[in-house]
Amino acid sequence: MRSFCSKYVALLFLLLSALFATITGGCVSAPQEVKNLTFETVLGSEGSQVYFDTSRPPIGPAVITNKTEWEYFGPYSKPPNTPLPIIDFKDEFIIGYTVLVVGYARFVTILNVTQSAGVINITLATYRWPGVQTTPEQIDRYPHHFVRIKKSELLQKGNLTFMFTDISGEPLGNVTRFIP
């Protein structure tokens with residue numbers, strides 16, 4: 001009788017071990033690859049100002065994937081009549097961020113862009129110079145930074161979520177766009 005019980009206990013132990021391995025195997029995943037994406041400034045930079053018609057200022061995150069979206073920024077870039085850089089939207093796209101000036105000189109700079117699976121993380125610094133007051137003619141200025149990224153740099157394409165985060169870790173917004 002003793003060997004009969006021992007066999008069932010051993011069998012029960014093996015079944016429970018297999019069940020546990022199956023359950024935990026589904027919960028534990030391999031670490032995902034994180035890739036630093038190379039980018040190049042195409043519009044703005046630290047301390048840049050762009051002037052927008054105040055009835056439609058595109059404040060916050062932007063992901064630009066075609067010429068029509070890109071040309072929207074043309075009439076508002078300064079100095080006046082400065083053509084926008086030519087972007088080959090077949091092979092690249094643009095990400096950017098714009099802030100609103102409120103009382104002090106504000107600046108924005110994209111510092112780092114990484115991708116992990118379907119998420120692109122953009123780390124940027126938004127800061128102001130302490131004590132530097134803006135003048136009334138500067139109230140409609142929007143500091144910005146726009147960069148181009150080659151599609152060949154991406155780990156994957158398709159529907160991607162772009163997460164914009166301040167260097168302090170504060171979320172600044174996200175955008176989901178299809179990148180072919």
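**View 1. Strand β5 alongside strand β9.** Thr98 has His144 of strand β9 as its bridge partner, in a structure that is a predicted model. Strand β5, which covers residues 92-98, is joined to β9 by seven bridges, and the two strands run antiparallel.

**View 2. The open sheet that contains β9.** Four strands make up an open sheet with antiparallel pairing, and their order across the sheet is β2-β9-β5-β4. The edges are taken by β2 (40-44) and β4 (60-64), each of which has a single partner strand, so one side of each is left without a neighbour in the sheet. From one strand to the next, the twist averages 20 degrees.

View 3. Arg148 is part of strand β9, which spans residues 144-150. Its relative accessibility is 16%, and because buried means under 20%, Arg148 counts as buried. A polar atom of the Arg148 side chain lies 3.5 Å from the backbone oxygen of Ile86. When neighbours within four places in sequence are left aside, the residues in contact with Arg148 include Thr38, Phe39, Glu40 and Val42, together with Pro85, Ile86 and Ile87, and also Glu92, Phe93 and Ile94.

**View 4. Aromatic pairs between strands β5 and β10.** The structure holds three aromatic pairs, of which the one formed by Phe93 and Phe162 is edge-to-face, with 5.9 Å from centre to centre and 70 degrees between the planes. This pair links distant parts of the chain, since Phe93 belongs to strand β5 and Phe162 to strand β10 (residues 158-166), 69 residues apart. Both Phe93 and Phe162 are buried. For Tyr97 and Phe164, the ring centres are 6.0 Å apart and the planes stand at 35 degrees, so this pair is tilted. Tyr97 lies in strand β5 and Phe164 in strand β10, so the pair ties together parts that are 67 residues apart in sequence. Tyr97 and Phe164 are likewise buried.

**View 5. The whole protein, as context for the close-ups.** The protein has two helices and eleven strands, which follow the pattern α-β-β-β-β-α-β-β-β-β-β-β-β when read along the sequence. Of the 180 residues in the protein, 34% are buried, and the protein exposes about 10,700 Å², with carbon and sulfur atoms supplying 60% of that area. Among the contacts in the protein with a separation of 6 or more, 73% are between residues 24 or more positions apart.

Methods: Residues are numbered from 1 along each chain as its sequence is written. This is a predicted model: local features need pLDDT of at least 70, side-chain atom pairs count only at pLDDT 80 or more; totals for chains, interfaces and linings use all residues. Side-chain values use heavy atoms; hydrogens and water are left out. Buried means under 20% relative accessible area, exposed over 50%, partly exposed in between (1.4 Å probe, protein chains only). A polar contact is a pair of N or O atoms within 3.5 Å; within protein, one must be able to donate a hydrogen and the other to accept it, and residues adjacent in sequence count only if both atoms are side-chain atoms. Contact means heavy atoms within 4.5 Å. Accessible areas come from the Shrake-Rupley method with a 1.4 Å probe; for residues, only the protein chains shown count as cover. Two strands pair if DSSP finds at least two bridges between them. Axes are lines fitted to C-alpha atoms, for helices over the stretch in contact, and angles run from 0 to 180 degrees between N-to-C directions. Rings of Phe, Tyr and Trp (its six-membered ring) pair if their centres lie within 6.5 Å; planes under 30 degrees apart count as stacked, over 60 as edge-to-face and the rest as tilted.
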